[in-house]
Amino acid sequence: MELRDNDDTHIIQPDGYSYIIYTPDKAHSVNYYKPDAIPLILKSKSTNYYIAKCRPTYVGYLKMQNIKMTPAKPNDFLESLSSVKFKSISPTVLDNIVMHLHANENASLTALKKHYQCTHLKINYLFKKNLGMSFQQYKSILKASYTNLNDIFKAQEE
């Protein structure tokens, strides 16, 4: 997460993961964020955020199943994430494909469809249905996030 010094704004750069964000200062709200190409900006003038980084399809599953969290305090939020209801969400084929992409950003659609025995249409359908974007859009987000990380590491070395 990047912190801008001038305005106390936290920015979560797109990295292909989904996030669950709990804000105890604002009526104990919990928001779900799917992977997106737009940075998530959190204004933080005296606001606390509790952020859970999740596998990309997790938030989509919670939304589809209409699973809501209503924590009254930060410990309740952490306990909710550890509950049987949340832990019982099993990884899907799409999760495996996405993790494969995170491990090997140059993986092609052809290689993935062979490895996971899916057609390219099925893979694109899963991306659109669960993440709201195509395989190629997701891959572009990953490439941009890796480029940003490489730039940060290079700047730190100088």
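**Tyr22 and Phe77**

I looked up Tyr22 and Phe77 first, and both are buried; buried stands for under 20% relative accessible area, exposed for over 50%, and partly exposed for what lies in between, with a 1.4 Å probe and protein chains only. The model is a predicted one, in which local features need pLDDT of at least 70 and side-chain atom pairs count only at pLDDT 80 or more, while totals for chains, interfaces and linings use all residues. Residues are numbered from 1 along each chain as its sequence is written, and side-chain values use heavy atoms, with hydrogens and water left out.

**Aromatic pairs**

I searched the whole structure for aromatic pairs and found four. Rings of Phe, Tyr and Trp (its six-membered ring) pair if their centres lie within 6.5 Å; planes under 30 degrees apart count as stacked, over 60 as edge-to-face, and the rest as tilted. The pair of Tyr22 and Phe77 is stacked, because the ring centres are 5.2 Å apart and the planes stand at 20 degrees. Tyr22 lies in strand E3 and Phe77 in helix H2 (residues 74–82), so this pair ties together parts that are 55 residues apart in sequence. I took helices (H or I, at least four residues) and strands (E, at least two) as DSSP runs, numbered from the N terminus. Phe127 and Phe135 make an edge-to-face pair, with 5.5 Å from centre to centre and 85 degrees between the planes. Phe127 is buried at a relative accessible area of 0%, and Phe135 is buried at 2%. I also noted a cluster in which ring pairs link Tyr22, Tyr50 and Phe77.

**The sheet with E3**

I followed strand E3 into its sheet. Three strands form an open sheet in the order E4-E3-E6, with antiparallel pairing; two strands pair if DSSP finds at least two bridges between them. Strand E4 (29–33) and E6 are the edge strands, each pairing on one side only. Neighbouring strands here are turned by 15 degrees against each other on average, direction ignored. Axes are lines fitted to C-alpha atoms, for helices over the stretch in contact, and angles run from 0 to 180 degrees between N-to-C directions. Strand E3 (residues 18–23) and E6 pair over five bridges in the antiparallel sense. I found Tyr19 opposite Lys53 in E6.

**Salt bridge**

How many salt bridges does the count come to? I get one salt bridge, defined as a side-chain nitrogen of Lys or Arg within 4 Å of a carboxyl oxygen of Asp or Glu. Arg55 forms a salt bridge with Asp95, and their closest N and O atoms are 3.1 Å apart. Arg55 sits in the loop between strand E6 (50–54) and helix H1 (58–64), and Asp95 in helix H4 (residues 93–103), so the pair ties together parts 40 residues apart in sequence. Arg55 is partly exposed at 22% relative accessible area, whereas Asp95 is buried at 3%.

**Cysteines**

I checked for disulfides (pairs of cysteine sulfur atoms within 2.5 Å) and found zero. Cys54 is buried, with a relative accessible area of 9%. Cys118 is buried as well, at 15%.

**Asp15**

I located Asp15 in the loop between strand E2 (9–12) and E3. Asp15 is buried at a relative accessible area of 14%. Which residues is Asp15 in contact with, leaving aside its neighbours within four places in sequence? I list Lys53, His102, Ile141, Leu142 and Ser145, where contact means heavy atoms within 4.5 Å. The C-alpha atoms of Asp15 and Ser145 are separated by 5.2 Å, although these residues are 130 residues apart along the chain.
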